[in-house]
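Q: Here is a chain to look over together. Take the labels one at a time and ask what backs each one.

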Amino acid sequence: MLTQDENDLLCRVTGDAPMGRLMRSHWLPVCLSEEVEEPDGKPIRVQVLGEKLVAFRDSDGRLGLVAEACPHRKASLYYGRNEEGGLRCLYHGWKIDVEGNVLEMPSEPPEACAAARFKHPSYPVEEAGGFVWAFLGNGADMPDFEPPPFAPTPDTRVAIGKTMVPCNWAQIVEGQIDSAHSSSLHSSDMVPARVGRAGANAKNWTRPSTDKAPRLQVQLTSYGFRYAAIRRPIANAATHDYVRITTFVAPVTSLIPPNASYNVAQVTVPIDDHHSWFYFMAWGEGPDVPSTEDWRKFLALQPGIDVDADWQKKRTRENDYGQDRRLMALGNFTGIKGIPAQDMAMWESMGPIADRTTERLAASDVAIVQWRRLMIEAARALAEGAPALGRTEPRVPLKDISSFEGVVPKTTDWRSFGTTEMERSLFVDAPSSIAAE
């Protein structure tokens, strides 16, 4: 349970909010590369942390991310002509390049453009893992760009589902790091089976446990935290545990326990205080990583079918997410198609910003409590001049960060799984008292 002030600190990201400042200390994904694939193609609107921007790829293939409002009379550059190395406003023809330079001012005398001493707001961008990444903070404090942990090599295959969720980012991330809910909410899509480890097929995921009440243990890291959900396996329960390790990489990435075919990750990017972009990735190096089309079909996030051209989902709270009560009567737990839609029904039902002041937390919420404490303390520390969470030394390279799942002997320590020697040396066990908060 949080106080109202703590809840506001956790959730508010716009303007000069401390949590927004924390996010601006990191590179953030702002759109998919496929959305701005074509040189001189259609620009796209991008809104992140309450800031309205436009992304485009110029004639030479360079990516730009600039303020949406033209510097002249503030008309939207989204409607502009993307041509000959820049974005031209339709209103008076002013032309802006990817670096924010004003190239042309045809409504003014020629000498006016030459004398222009201002730059239009623009941000540095990089591409990796199927995303366009931007640094939205102070350029003097910009860290080197690293590809995300779900794209550790240029050859990593990444399939991405995307949609907009009309609620605050924090309740989405809490869902991503909540292992206990999957045994109920997703029980018709994540089914127990006599398998050696979690598996995946075109219809569902399998896991080697029927245990719905995992024991949770948390470990702090320099980049966030990781925790283990420890369950009884179906086979060899007297000597083995089924361990699922979820890893949170500040400020917006969650590495979900993998399966035998591919790894899984989720990223939540705040649009503003009440709306978020939700990305769900399957990734890996092997042939079993699904194609983007197959992944979006599995998630029920197919463009034109489940989401529209602007990634707005068609099954919403207004139509009960397509919930089928007859299907529930036949044994489907939720009656809602698709793991993401099941999650979104829960996240959105909490309201635009969840009221955490009246919650009744339990033992299965240990990771949630730790995440809240971590992020609130990180935002406060940054406001007081400390380095941003994930920006301190020594750092763990993002390519070395991972999650884990498997059936392991009870005699082994879960903390050694899915890590490098360097990473293990930086771990700190979270205090056990968080379970009682």
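Q: How far apart are the mean positions of the positive and negative charges of the chain?
A: The model is a predicted one. The chain has 47 positive and 58 negative charges, and their mean positions are 5 Å apart.

Q: What makes the radius of gyration of the chain agree with that of a compact globule?
A: A compact globule of 437 residues would have a radius near 22 Å. The chain has 23 Å, so the two agree. The C-alpha trace spans about 85 × 50 × 45 Å along its principal axes.

Q: What share of the residues in the chain is buried?
A: Buried residues make up 55% of the 437. The cut-off is under 20% relative accessible area. The chain exposes about 19100 Å², with carbon and sulfur atoms supplying 51% of that area.

Q: What share of the contacts joins residues at least 24 apart?
A: The share is 63%, among contacts between residues at least 6 apart in sequence.

Q: How many helices and strands does the chain have?
A: The count comes to nine helices and 22 strands.

Q: Why is helix 7 called largely enclosed?
A: Nine of its eleven residues, within 339-349, are buried, so the rest of the structure largely encloses helix 7. Among the buried ones are I339, M344 and W347. D343 and E348 are buried too. The cover includes strand 11, helix 4, strand 12, strand 14, strand 20 and helix 5. Just after helix 7, G351 takes a positive phi of about 100 degrees.

Q: Which residues of strand 2 lie on the covered face, and which on the uncovered one?
A: I44, V46 and V48 form the covered face. R45 and Q47 form the uncovered face.

Q: How do you know that strand 2 and strand 3 pair?
A: Pairing calls for at least two bridges. Strand 2 and strand 3 have five, in the antiparallel sense. V48 stands opposite E51 in strand 3. The hairpin has two residues between the strands, and L49 takes a positive phi near 55 degrees.

Q: What makes strand 5 and strand 8 edge strands?
A: The open sheet has four strands in the order 5-6-7-8, with antiparallel pairing. Strand 5 (81-83) and strand 8 (102-104) each have a single partner strand, so one side of each is left without a neighbour in the sheet.

Q: How do you know that strand 6 and strand 7 pair?
A: The rule asks for at least two bridges. Strand 6 (residues 86-88) and strand 7 (residues 95-96) have two bridges, in the antiparallel sense. L87 stands opposite I96 in strand 7.

Q: Why is Q302 called buried?
A: Buried means under 20% relative accessible area. Q302 has 18%, so Q302 is buried. Its place is in the loop between helix 5 and helix 6. Q302 touches R296, K297 and V307, not counting residues up to four places away in sequence.

Q: Why is L216 called buried?
A: The cut-off is again under 20%. L216 has a relative accessible area of 15%, so L216 is buried. L216 is in strand 15. Leaving aside neighbours within four places in sequence, its contacts include Y227, A228, A363 and V366.

Definitions and conventions: Residues numbered from 1 in each chain as written. Predicted model: local features only at pLDDT ≥ 70, side-chain atom pairs only at ≥ 80, totals over all residues. Heavy atoms only, no water. Rg over C-alpha atoms; globule rule 2.2 N^0.38 Å. Buried < 20%, exposed > 50% of the residue type's maximum accessible area, 1.4 Å probe, protein only. Contact = heavy atoms within 4.5 Å. Areas by Shrake-Rupley, 256 points an atom, 1.4 Å probe, with all protein chains shown as cover. Lys, Arg positive; Asp, Glu negative; His and termini not counted. Charge placed at Lys NZ, Arg CZ, Asp CG, Glu CD.
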